[in-house]
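Please report on the fold of this protein. Cover the sheet, the helices packed on it, the cores and the salt bridges.

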Amino acid sequence: NQRALMRLCKFDPDMQKAVAAKAANGESEEIYDAIAKVHRDRLNAKRCSLPLEGKHYRLLHGDFRKVGHEIPSNSVDLLLTDAPYEQSHLDIFKPLSLFANRVLKEGGSLVAMMGQSYLPQVLNDLSTNLRYHWVIATLLGRRRTLVKGRRVCVGYKPFLWFVKGSYRGHAIQDVIRSDGYDKTFHDHGQSDSEFVEVMKRLTEDGDTVLDPFVGGGNVAAAALKLGRKFIGIDVERKHIETTRRRIADIKQGGAV
């Protein structure tokens, strides 16, 4: 569309050629998607000497069900994640409930961004070892996703909020306004804004935040920018590498 082409015109010729190549070889059907993938390729092509563990962060490659034992019990203040919630991944939520119950401190929270197609099963599975607390609604603004099978145009996404024991923190607002999608770091990426807002409301400076599905590193970036400690896990090595480079970029702007 004209808006996408106008955006493309603002880039340098090398960027325009790279985006055009993504479209020409069928890798991307839309200009915005192609732009995001070129940015991601360039990020991942950068040399990165940052170790997988530093003073305020730690990255683990693997399935949380296999490598999660490396995280001490009762050591995490908030488990915040955008977990995969397609039907093929529904088997993760019972183990996630058990894992969160072990690693969270008493009164700590699990907050998971979630779709609604299989919500009853997810709620039931997460309730196995945690206590359901609330739903935080993320208003999507102009961005919309049509779920054709349910004939619904989605205007918000829920964060499911579960607690180990009883929540004793501050009273919080249960609505968040999203800044929009950000596919720069992951094909299904959200913006950092939602995760920043959840963290601001449920954690304090120096708290530990864990994301067992680190993806494009949104939670990592939000945590480190807010002065929280971060632990990230992902079964895909490429996602660990993307997150490592995002952390390196943040580190260049200040100590991490």
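The report below starts with the sheet and ends with the salt bridges.

This is a predicted model, in which local features need pLDDT of at least 70, side-chain atom pairs count only at pLDDT 80 or more, and totals for chains, interfaces and linings use all residues. Residues are numbered from 1 along each chain as its sequence is written, and side-chain values use heavy atoms, with hydrogens and water left out.

**The sheet**

Eight strands form an open sheet with mixed pairing. Their order is β1-β10-β9-β2-β3-β7-β4-β8. Strands, like helices, are DSSP runs numbered from the N terminus (strands: E, at least two residues; helices: H or I, at least four). Two strands count as paired if DSSP finds at least two bridges between them. Strands of a sheet pair through backbone hydrogen bonds, either parallel or antiparallel.

β1 and β8 (175–177) stand at the edges. Each has a single partner strand, so one side of each lacks a neighbour in the sheet. On average, neighbouring strands are turned by 20° against each other, direction ignored. Such angles use axes fitted as lines to C-alpha atoms, for helices over the stretch in contact, and run from 0 to 180 degrees between N-to-C directions.

Strand β1 covers residues 57–61. Its partner is β10 (residues 229–234); the two run parallel and are joined by five bridges. Tyr57 stands opposite Phe230 in β10. Four of the five β1 residues are buried, so the strand is largely enclosed by the rest of the structure. Buried means under 20% relative accessible area, exposed over 50%, and partly exposed in between (1.4 Å probe, protein chains only).

Strand β4 (residues 131–139) pairs with β7 in the antiparallel sense, through eight bridges. Here Val135 stands opposite Leu160 in β7.

**Helices on the sheet**

Helix α6 (residues 119–126) packs on the sheet and touches β3, β4 and β7. Its direction makes about 20° with that of β7. Contact here means heavy atoms within 4.5 Å. Helix α8 lies across β1, β2, β9 (208–211) and β10. It runs at about 170° to β10.

Helix α9 has 16 residues, which should span 22 Å at 1.5 Å a residue. The expected span is 1.5 Å times one less than the number of residues. The end C-alpha atoms of α9 are 23 Å apart, which agrees. Its buried residues include His239, Ile240, Thr242, Ile247 and Ile250. The buried residues of α9 pack against α3 (31–45), β1, α7, α8 and β10.

**Nonpolar cores**

A nonpolar core is a set of buried Ala, Val, Leu, Ile, Met, Phe, Trp, Tyr and Cys residues joined through side-chain atoms within 4.5 Å. The largest core has 31 residues. Leu78, Leu80, Val111, Phe159, Val198, Met199 and Phe230 touch the most other members. At least two residues each come from β1, β2, β3, β7 (156–163), α7, α8 (218–225) and α9. The largest share, six residues, comes from α8.

Val198 touches Leu78, Leu80, Val111, Phe159 and Ile176, not counting residues up to four places away in sequence.

**Salt bridges**

The structure holds twelve salt bridges. A salt bridge is a side-chain nitrogen of Lys or Arg within 4 Å of a carboxyl oxygen of Asp or Glu. The table lists some of them.

| Pair | Closest N to O distance |
|---|---|
| Lys105 and Asp77 | 3.2 Å |
| Glu197 and Lys200 | 3.9 Å |

Lys105 and Asp77 link distant parts of the chain, 28 residues apart. Lys105 lies in β3 (residues 104–113) and Asp77 in β2 (residues 76–81). Lys105 is partly exposed, at 33% relative accessible area. Asp77 is buried, at 17%.

Glu197 and Lys200 are three residues apart in helix α7 (residues 192–202), separated by about one helical turn. Both are partly exposed: Glu197 at 25% relative accessibility, Lys200 at 48%.

Glu241 and Arg245 lie four residues apart in α9 (residues 237–252), about one turn of the helix. Glu241 is buried, with a relative accessible area of 16%. Arg245 is buried too, at 11%. Salt bridges that share partners join Arg237, Glu241, Arg244 and Arg245 into one network.
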